[in-house]
Structures are given as C-alpha cells and as structure tokens.
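This report is meant for a reader who is meeting the structure for the first time.

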Protein chains: 2
Amino acid sequence: MNLILLFEQDFVTGQERVQLRGRRHQHVREIHRATVGEELCVGLAGGRMGRGLITRLDDSVLEMDIQLDTEPPPALPLLLVLALPRPPVLRRTLIAATSMGVKRIVLLHANRVEKSFWGAKVMAEEELRNAAILGLEQAKDTLLPDIQIRDRFKPFVEDELTDLSKGSTALMGHPTSSVPCPRDIKNAVTLAVGPEGGFVPYELEKLEACGFAPIHLGERILRVETVLPALLARLFPLA
Amino acid sequence: MNLILLFEQDFVTGQERVQLRGRRHQHVREIHRATVGEELCVGLAGGRMGRGLITRLDDSVLEMDIQLDTEPPPALPLLLVLALPRPPVLRRTLIAATSMGVKRIVLLHANRVEKSFWGAKVMAEEELRNAAILGLEQAKDTLLPDIQIRDRFKPFVEDELTDLSKGSTALMGHPTSSVPCPRDIKNAVTLAVGPEGGFVPYELEKLEACGFAPIHLGERILRVETVLPALLARLFPLA
C-alpha cells in the first residue's frame, strides 16, 4: 500500500481529518508500523493526492490530518476489452491493469471462457472494486476504473464495440499474428485480449470486421496477467 | 499447459514412447479432455519440441508416441537479478519470467527483503523448478532457467556481479530515476529489480558503482510480477 485511498465517508471534519478502521488501519499498524507524527501518502478517490499526518493510532483507529495538493498520474488512453479470465487471474489482472493506469475495462464473454467464471465471487461489484483499489494503492493513483460486464460476445461486438472504439487504434492480441505489437502509439487504443486458448475463428472474424488488427508479442504464449503489462509497456510511452 | 514438458525418465522405449502419470496425466484428462489418437504439443526438457500422439489414456496412464523436430524459441539475452519477493509473488514472477524466455535468474537479498522469505516453501529447489516448468509449459519452451540463490547482498555485488554483468547493458529498475527504460536493446542486458519499497540508498550506490544505470517506467509503482513483463517488453523486441 504505497498510497492510502480515502473516501468521502472517511472524513470526520470537512476535508481535513479522517478516521480509518479495518483493513487500512491494520495495514498501517502492522505493515507500515507507523507512529503518531509520521506522514503517509494518501489520496482521495477520484481526487487529489497528498499527505496524511498521523494524529492518533491505537487499537481502534487511525486518525490523520489530510493535505491534498497533487494531481494523480495520467491515465492510459485505453479501452481494454478483456475476455473474462479464470477468477484468480481476473483479480490479479485487474490489479495489474489498474496499477498501470487503465481506466476503462470491459469484461467480455468468449467461446473459450468457461461459463462458471461468470458466477465467481470476484465478479461481485464490490470485489471488482476492491481489486481496482489494490491497484490504485499500489501505483499511487486515485481514479477508479470503470468496469463493464458483457456476458454475450455477439451483441457487444455488433452493437457497441464500433462506437466504443471509434477514433482509436483497435488492436487484438493474437500470438499467431504476423504483425508485431506497435510501439509508443500517440492516440487512443482499444485493445482486445482473448481467453486462454485464444479467440475462436468466428470471434476473430467479428473483431476484424469491427476494425481490430491482430498483433503479437513474439511466438511465446503468455498468461493474461503477463501479456497485458507487456502489451501496455509496448503500446504506450509510460514515462 | 500449452506444451507438455517431458524428461528422460518419462521415456519407456528409447526416444519414442513416453508414459506419464500424476499432474500431466491428470491435466490432459481433465483440462485438455484429450482422447486416444489426438496429438498434443510436447517438448523434451533442454531439447526439441514436437508432437505426442496419444496411444493410451485411462485412469492410470497417458502414453504417447513422440516426434521431436522443432527448436524451442530463442531465449532472452538477459541476466535477471531479482531482490527476493514475498513467496506467492516469487512464484508468479518466476512463472512470468520463464514464460517470457528468461534463462538466468539470481534471487538476491536486499535490505527490504524480509528474512522470513528465505525460509519459504517455494524456495526449495524443487519448488523453484516447478514454477519454472509451469512457465515453460505456458510459453511452449523447453529450456529450464538457471536459478541462483544469493542471500547476502554485499559479497554478491562486490565479488560476483561485475564479472556476471561484463559486456552487458546493466540496468536497475528505479521508479524515481529520470531516465526512461530504453527500447529494443540489441546486446545482452543485466537487469536488477529491487524489493517492495525499492533498494535502499546504500544498495543503489553499490549497484551504480558496479555499472548499473537506474531507469524507470513512469511514476507509477508496480508490483514485481507486473513491472517485469513491462520492462522485458520494453527492453527486447520479443518478435
């Protein structure tokens, strides 16, 4: 936790003092091992970042006086269309994506996505949000990503994706493509990442018809949690 | 498991027939749901890749006739010096690194590495090897990485690292560096990646004295399992 993400309901007096209990309180006591008088990096969800001066820290509460004066880091100009991975991979991929600055994610069904994944615990709105919060706390960022769920491939690609990807460079990761992933794209990108085993031919055709160009990162087949950071580091300057 | 990694002891008749039990047998039955007559992608550890024709598959054994005719994909010209991450992160990082073609890894102590990490189960030689096998099976590769353990920072950096990194571009990931990670390096690279919280100033000085240049991938602080694929995708063509 490199930044403690704060929410409106944490504030006890206007915009200046917060009281935290639960996970964040415990983390500061046990991992940071902080003490009264120390300053921690904090940020207001959707707002600025700054410092929290610890005014009280005991068994029951962490209290800080907050100063917010820094804008969060820039977001990636990206829409990520992600075939739903298996639950533990989904969680790690959301953390990784959020930590790298992804702000728009569509979790999409595909032929090789197991139906049972849609009923997994991590798919609950609160769990998706918790994974995103871990990503923001890791990277020092405050802006939660928008995560949309689309459990039918065809209507999403036919009815929504053309509009969503309009004006962007539309790419799909595909290990057997002959085109290497482009470098340092300056404009917006829509990136589709397939499931384990890849999109089936019908899905590839649908995406190509929608303007998506298949690209690869070499012949090795990588896990989604590995290929995504690699693709983002290739596509964007990140500097 | 995109490739089934075979070992000499799996062969029952010369170089042609294997019998598998345990994890690989179970995986082919339950995940691949393969049947007799089908061909699977296989590779001999340290050797070639090819196909295995299933000749028997029942409760007790998976038997295949093996043809090996393809070289494994090229390795990355990289020595990775990795401050030991916490155990679950280490395991995932080894899988990710191996899947991307890393063949030389030194797990190193650093000030911010918790001592207890060195005693973790995953540090057993067999567990490190198992993680690497998962990476090879994922990426379709056969060459196991060499994983060295160095639980003292100073003697390693002073006595070994200069020789190990000789002739290579020596870089260390450091979020507050002012130099962005270079792109598509043509020669060998030695890459040092710090622990959570980073190398301490003394360690940075030691590494700089050893010729390591600090580089960054933007202001966001990323988990090692995320930053490593990103750094590798930036450093190497991967095509």
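In this predicted model, V18(B) faces M64(B), a residue of β6(B), across a pair of strands. The strands concerned are β3 of chain B, residues 17–20, and β6 of chain B, residues 62–70, which run antiparallel to each other and are joined over four bridges. Strand β6(B) also pairs in the antiparallel sense with β5 of chain B, residues 49–57, this time over eight bridges, and within that pairing L53(B) has D65(B) of β6(B) as its bridge partner. The passage from β5(B) to β6(B) is a hairpin of four residues.

A parallel pairing is found in chain B as well, where β7 (residues 78–83) and β8 (residues 104–108) are linked over five bridges, with A83(B) standing opposite L108(B) of β8(B).

| Strand pair (chain B) | Sense | Bridges |
|---|---|---|
| β3 (17–20) and β6 (62–70) | antiparallel | four bridges |
| β5 (49–57) and β6 | antiparallel | eight bridges |
| β7 (78–83) and β8 (104–108) | parallel | five bridges |

Strands β7 and β8 of chain B belong to an open sheet of six strands with parallel pairing, whose order is β9-β8-β7-β11-β10-β12. Its edges are formed by β9 (146–150) and β12 (213–215) of chain B, each of which pairs on one side only, and from one strand to the next the twist averages 25°. Helix α2 of chain B, residues 87–99, lies across β7, β8 and β9 of that chain and runs at about 160° to β8(B).

The two chains also meet each other. Chain A and chain B each bring 36 residues to the contact, and together they bury about 2,900 Å², of which 52% is on carbon and sulfur atoms. On the side of chain A, the residues R220(A), I221(A) and R223(A) supply 23% of the area buried against chain B, which is more than any other three residues supply.

Between the chains there are four salt bridges, and R220(B) and D141(A) meet through their side chains in a salt bridge with an N to O distance of 3.1 Å. Polar contacts join 18 residue pairs between chain A and chain B, counting those with both residues at pLDDT 80 or more. The elements of chain A that give two or more residues to this side are α2 (87–99), α3 (125–139) and α6 (224–235), and α6(A) provides the largest share, six residues. By type, the residues on the side of chain A that touches chain B comprise 18 nonpolar, eight polar and ten charged.

Notes. Residues numbered from 1 in each chain as written. Chains lettered and ligands numbered in written order. Predicted model: local features only at pLDDT ≥ 70, side-chain atom pairs only at ≥ 80, totals over all residues. Heavy atoms only, no water. Pairing = 2+ DSSP bridges. Axes fitted to C-alpha atoms, helices over the stretch in contact; angles between N-to-C directions. Contact = heavy atoms within 4.5 Å. Buried area = accessible area lost by both parts, 1.4 Å probe. Polar contact = N/O pair within 3.5 Å; in protein donor to acceptor, adjacent residues only side chain to side chain. Nonpolar A, V, L, I, M, F, W, Y, C, P; charged D, E, K, R; others polar.
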